[in-house]
Amino acid sequence: MRKVALAALAMLVLASCGERATADDQALHSDIVNNTNGAEVTFDATVVNDPVESGGHERFQVKTTTGETLEIDHNTTLAAAVPIHAGDSVVIHGRLYIDPGPKVGVHCTHAATSSGCPDSGWIEFSSTFYE
């Protein structure tokens, strides 16, 4: 009986490891309002402009469901480029940055981690994850 219980617990733990964060648009809005630089965020958005490749990054703007316009810096040396265009819907998981100016955006949208990006991120477009 104990072996069955341990096996069931192990399966539950392994199954939960593969889950992705779900979009929480209100949490993103709160993080922006509260200037929570570096927050891990997941949100729905609409692409505002076609991406531009620059310095190993795909850069584009999105509009969130709560009205903010953010810059997305997607590292294409660590993740595949996302084949998006203006008007497309996406879900983004990464790190919020708030620079003086103010310039608000999200980076760390790739699976490979580094000292600046300790958590894996991704962009979901058309049921495909780009990470």
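Buried means under 20% relative accessible area, exposed over 50%, and partly exposed in between, computed with a 1.4 Å probe on protein chains only. This is a predicted model, in which local features need pLDDT of at least 70 and side-chain atom pairs count only at pLDDT 80 or more, while totals for chains, interfaces and linings use all residues. Residues are numbered from 1 along each chain as its sequence is written, and side-chain values use heavy atoms, with hydrogens and water left out.

**Salt bridges**

Side chains of opposite charge can pair when their charged atoms come close. A salt bridge is a side-chain nitrogen of Lys or Arg within 4 Å of a carboxyl oxygen of Asp or Glu. The structure holds four salt bridges.

| Pair | N to O distance | Relative accessible area |
|---|---|---|
| D73 and R59 | 3.0 Å | D73 11%, R59 28% |
| K103 and E71 | 3.4 Å | K103 40%, E71 19% |

Strands (E, at least two residues) and helices (H or I, at least four) are DSSP runs, numbered from the N terminus. In the salt bridge between D73 and R59, D73 lies in strand β4 and R59 in strand β3, so the pair ties together parts that are 14 residues apart in sequence. D73 is buried, whereas R59 is partly exposed.

Strand β4 also holds E71, which meets K103 of strand β6 (residues 103-107); this pair therefore ties together parts that are 32 residues apart in sequence. E71 counts as buried because its relative accessible area is 19%, and K103 is partly exposed at 40%.

R95 sits in strand β5 and D119 in the loop between β6 and β7 (122-125), a link between distant parts of the chain, 24 residues apart.

**The disulfide**

A disulfide is a pair of cysteine sulfur atoms within 2.5 Å. A search of the whole structure finds one. It joins C108 and C117, with their sulfur atoms 2.0 Å apart. The torsion about the S-S bond of C108 and C117 is about -70°, so this disulfide is left-handed. C108 is buried at 2% relative accessible area, and C117 is buried at 8%.

**Two buried residues**

T64 belongs to strand β3 (residues 57-64). With a relative accessibility of 7%, T64 is buried. Contact means heavy atoms within 4.5 Å. Leaving aside residues up to four places away in sequence, T64 touches L28, F43, D44, A45 and L70. Its side chain also makes a polar contact with the side chain of T66, at 3.2 Å. A polar contact is a pair of N or O atoms within 3.5 Å; within protein, one must be able to donate a hydrogen and the other to accept it, and residues adjacent in sequence count only if both atoms are side-chain atoms.

A79 lies in the loop between β4 (69-75) and β5 (89-99). A79 is buried, with a relative accessible area of 8%. Residues up to four places away in sequence not being counted, A79 touches H74, H110 and E131. The C-alpha atoms of A79 and W122 are separated by 8.7 Å, and the two residues are 43 residues apart along the chain.
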